[in-house]
Amino acid sequence: MDTNKFDFGMVGLGVMGRNFLLNVADHGFSALGLDLDAEKAKALDEEGAGRTVKGTTSTEEFVAGLKTPRRIMLLVPAGKVVDSVINSLLPHLDQGDMIIDGGNSHFPDTERRNKELQEKGFYFVGAGVSGGAEGARRGPSIMPGGNPKAYEHIRPVLEAVAAKVNGEPCVAHMGRGAAGHYVKMVHNGIEYGLMQLIAEAYDLLKKLGGLTNEELHRTFARWNEGRLQSFLIEITAAIFAQKDDLTDGDLVDGILDKAKQKGTGKWTSQNAMDLGIPIPTIDAAVTMRGLSALKDERSRAAAHYPSDRKIKSVEKGTIVSEVEQALYFAFIITYAQGLSLLDDASKEHDYGCDMEAIARIWRGGCIIRAALLEDIRKVYRAQPDLTNMLLSNEFKDELAATEEATRSVLKKAIDAGIPTLTLSSTLNYFDAYRSERLPLNLVQAQRDFFGSHTYERLDREGIFHTEWGS
């Protein structure tokens, strides 16, 4: 009887859900979609003409039309909507069926749902999906976690629809529990960091080097052919070439300088602080989005604190070279911070994450895909127990070779009063990380002075307290 039923189901037929389901159908799996909006269900039928794909607005028809054990993916807004959809499905499901949450859910919610559904006899898979609507249609990077048995059942579908790099699908089991959504959260945190670093590079090139948008377009396009090759550098080059339909200028110049956020970058920073893992590049990127939102205040502050600094122009070739080196330096360290957080969180939450697998599936389909990830993958393949990839030999020479250019461009930025919170945080992380002795002995002495918090010593074992000033 199951032979006439559908292989895979999708709840939520917005652009992402519809594109993902069409991708499933393109790869030989029959696909059934559910959306309470009849227009969205109809759109799936129209776009899926000629494929074994169908849309419906009936939950009963949807569940009854799927092969068992059912594989049902949700691509709906994170939060209460996910719980609402799950509750609407449960009365119609059989034990052993699986629900895959492909949205940007916060990992504690995924932990809770996983536990609740497991107790009821169902499988729950939190799966991060990156690549946007185009990625969903042509091949995203997919980060599923949860029960390995559930993953094995959905693996053929996910491997078929995922992006491919050298024939390898950009999907793998990320680990137990909420590992999938945790990995996706950190992916987005790294994304925040890289995007802000690129924005600061743009500001430096424009203000110090006087590069026009056409020159910026050519510069980023050239960088995308070298060691900075990545999706974000690629689209940045394209942005500078985009003309404005409403004016005679370039579109980038007409966009308000307020960047919004959905929360995943903030979650990354918050959880890193909970775990005590430093990720200052990502923290600074989140802070800069917050500062950008204060547009009216910034305008008043600009008038309140007028700057008489004269920005000295720099020879274009020099600044382009220095910024490229600084950006590469910062890219390496941003990935290092994110993966260091993942390594620690995996141990804390018992996820069992494989850093090599994470770097592998990020090479294609996702927003932070970059040529650099192949080198990162090799590092973790050779040293799977590495706590921070900066301790490997792979990047030692490259960081040494680009460090001075990073310092040089930051000095120019400071002299000119150009904000570079993210780039400077990156360099300071590097300097602090490689400092054998930091001045935190004074902080610990202060803590003991006012709060009797005790301290440890360099010259002997034990915990000590001093009655300061006595």
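Reader: How are α14 and α17 oriented to each other: roughly parallel, roughly antiparallel, roughly perpendicular or oblique?

Author: This is a predicted model, where local features need pLDDT of at least 70, side-chain atom pairs count only at pLDDT 80 or more, and totals for chains, interfaces and linings use all residues. Residues are numbered from 1 along each chain as its sequence is written, and side-chain values use heavy atoms, leaving out hydrogens and water. Two packed helices are described by the angle between their axes and the distance between the axes. Here, α14 (residues 316-349) packs on α17 (residues 396-416) at about 120 degrees, with axes 8 Å apart. The two are therefore oblique to each other (under 35 degrees is roughly parallel, over 145 roughly antiparallel, 65 to 115 roughly perpendicular, the rest oblique).

Reader: Which residues of α14 meet α17?

Author: Contact means heavy atoms within 4.5 Å. On α14, the residues include Ile319, Val323, Phe329 and Ile333, and they meet α17 residues, among them Leu399, Ala405 and Val409. By class, this contact has 11 nonpolar, four polar and four charged residues.

Reader: Which domains does the assignment give?

Author: Domain bounds come from an automatic or database domain assignment. For this protein, that gives domain 1 (8-177), domain 2 (184-433) and domain 3 (439-470). The C-alpha centres of domain 1 and domain 2 are 32 Å apart.

Reader: How much area is buried between domain 1 and domain 2?

Author: Buried area is the accessible area (1.4 Å probe) that two parts lose on being put together, summed over both. Here that's about 1900 Å², with 57% from carbon and sulfur atoms. In domain 1, Phe107, Met174 and Arg176 lose the most area to domain 2, together 29% of what that side buries.

Conventions. Axes fitted to C-alpha atoms, helices over the stretch in contact; angles between N-to-C directions. Helix = DSSP H or I, 4+ residues; strand = E, 2+ residues; numbered from the N terminus. Nonpolar A, V, L, I, M, F, W, Y, C, P; charged D, E, K, R; others polar.
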